[in-house]
Amino acid sequence: MKNTYESPLNSRYASKEMQELFSPDMKFRTWRKLWIALAEAEKELGLNITDEQIEELKKYKDDINYDVAEMKEKEFRHDVMAHIHAYGEQCPNARPIIHLGATSCYVGDNTDIIIMTEALKLIKKKLICVISKLSDFAMKYKELPTLGYTHYQPAQLVTVGKRATLWIQDLLMDVEDLDYILANMRLLGSKGTTGTQASFLSLFENDHEKVKKLDKLIAKKMGFDNVFPVSGQTYTRKLDSRILNLLSTIAQSAYKFGNDLRLLQSMKEIEEPFEKHQIGSSAMAYKRNPMRSERICALARYVIVNSLNPAITSSTQWFERTLDDSANKRICMPEAFLAVDAILNIYINVADGMVVYPKVIEKHVLEELPFMATENIMMEAVKRGGDRQELHERIRVHSMEAAKQVKAEGKKNDLIERIAADEMFGLSIDELKSVLAPENYIGRSPQQVEEFINEYVKPVLEKNKIEDIEVELKV
């Protein structure tokens, strides 16, 4: 159908794997798994639930009768009750014990946590993949001198590989935060309507130990070690805010990379991949726009702004719960994951295919290097008997004149020629040019790259071994 709105996150950007995690099928199958886990745990703790009832539930756990559920929701105006009745029609023997003692958030909130946990694992795989590709890039170009910039003005030289370590370091911080969140993910469990577990305490005839065990059993059956120790009707919405803050920091890291690459592509030093038949502009056929990096930045901006949604929701919840979180949460949480998934897909693609133009980089370096070499030139002239203070003043005057030649008249930087012609320095043009070797001005850049990769990156890659992720961009 082309006459109704569809989200570009699905049609243009996010991967099939991430879309499946937030699909209705994943959601409702997880609901049924939770109902089975609840029934099994209640049976194990002594309630009158039979093996036959549980087997009947298992038989239809993946065979969801959506037509019945949709009809029931129109009647009840309640999605959970609609699916309970739909499941009950398929499982008449188990119908009386489906959702026994639970409230809607038992399936709704626990499912959200389960899905977000799996989505975080997928995000982590892609983060590690990006780090791996950028690490290869950093090592390959660890010795290639390039202009460093502060305030977007030429500063001391760095190397192309050294600059890449800045992108990697941001991503490593994101992995640290992600690992912390994954390690602390926990289910809501079975807490009841206001978090007091009153309904379960009634079912188990005031046996507090069994009610506590019920929580733990359900968590274990669903693959979790822990549950929230206390709650209202819902898990604390601070979890959503924590998760989206993480997704925002990943978006921030990606934005920094995308922005840097857009600037570098403008200078023709490094370009993102550009396919044989790709069109850069409908009007200007010669253009090679950095559209992938621009898309990274566009989606990243969306995620960064979106992080306000769960922050506001978390701060405005009333007492044990209010429902003004629901509609917002249904949109902002999945879309944040889909957007970050799309960002990382593009990031992987770009990091794997960046094109470096060493000759252009060298040209830009040599245009600015004479200014940067002036201190070394001055020191050499002092060694030959010159006065440091007088030499400093002469260099200042020559530098201003050379800069004027470049900026006002569009001519080449002739600072070296001016110094060679100045008898005060006593240096020939050949001697001066020998001072201008770019590798003399990159400091410890190559060593920093090697040390950083070996000490900080390799341990993370070895700990999180993953197969290379092949990304095929939709558009």
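## Salt bridges in the predicted model

K191 forms a salt bridge with D215, in which the closest N and O atoms are 2.9 Å apart. The pair links distant parts of the chain: K191 belongs to the loop between α8 (160-183) and α9 (198-203), while D215 belongs to helix α10 (residues 208-221), 24 residues apart. K191 counts as buried at 2% relative accessibility, and D215 counts as buried at 6%. These values come from a predicted model.

A salt bridge also joins the side chains of D422 and R394, with an N to O distance of 3.0 Å. Because D422 lies in the loop between α18 (415-420) and α19 (429-435) and R394 in helix α17 (residues 388-409), this pair ties together parts that are 28 residues apart in sequence. D422 is buried, with a relative accessible area of 6%, whereas R394 is partly exposed, with a value of 33%.

A further salt bridge is formed by the side chains of E89 and K72, at 3.9 Å from N to O. Here E89 in helix α6 (residues 79-90) is linked to K72 in helix α5 (residues 66-76), 17 residues apart. E89 is partly exposed, at 45% relative accessible area; K72 is buried, at 14%.

| Salt bridge | N to O distance |
|---|---|
| K191 and D215 | 2.9 Å |
| D422 and R394 | 3.0 Å |
| E89 and K72 | 3.9 Å |

Elsewhere, D25, R29, K61 and D62 are linked in a network of salt bridges. The count for the model comes to 32 salt bridges. Side chains of opposite charge can pair when their charged atoms come close.

Notes:
Residues are numbered from 1 along each chain as its sequence is written. This is a predicted model: local features need pLDDT of at least 70, side-chain atom pairs count only at pLDDT 80 or more; totals for chains, interfaces and linings use all residues. Side-chain values use heavy atoms; hydrogens and water are left out. A salt bridge is a side-chain nitrogen of Lys or Arg within 4 Å of a carboxyl oxygen of Asp or Glu. Helices (H or I, at least four residues) and strands (E, at least two) are DSSP runs, numbered from the N terminus. Buried means under 20% relative accessible area, exposed over 50%, partly exposed in between (1.4 Å probe, protein chains only).
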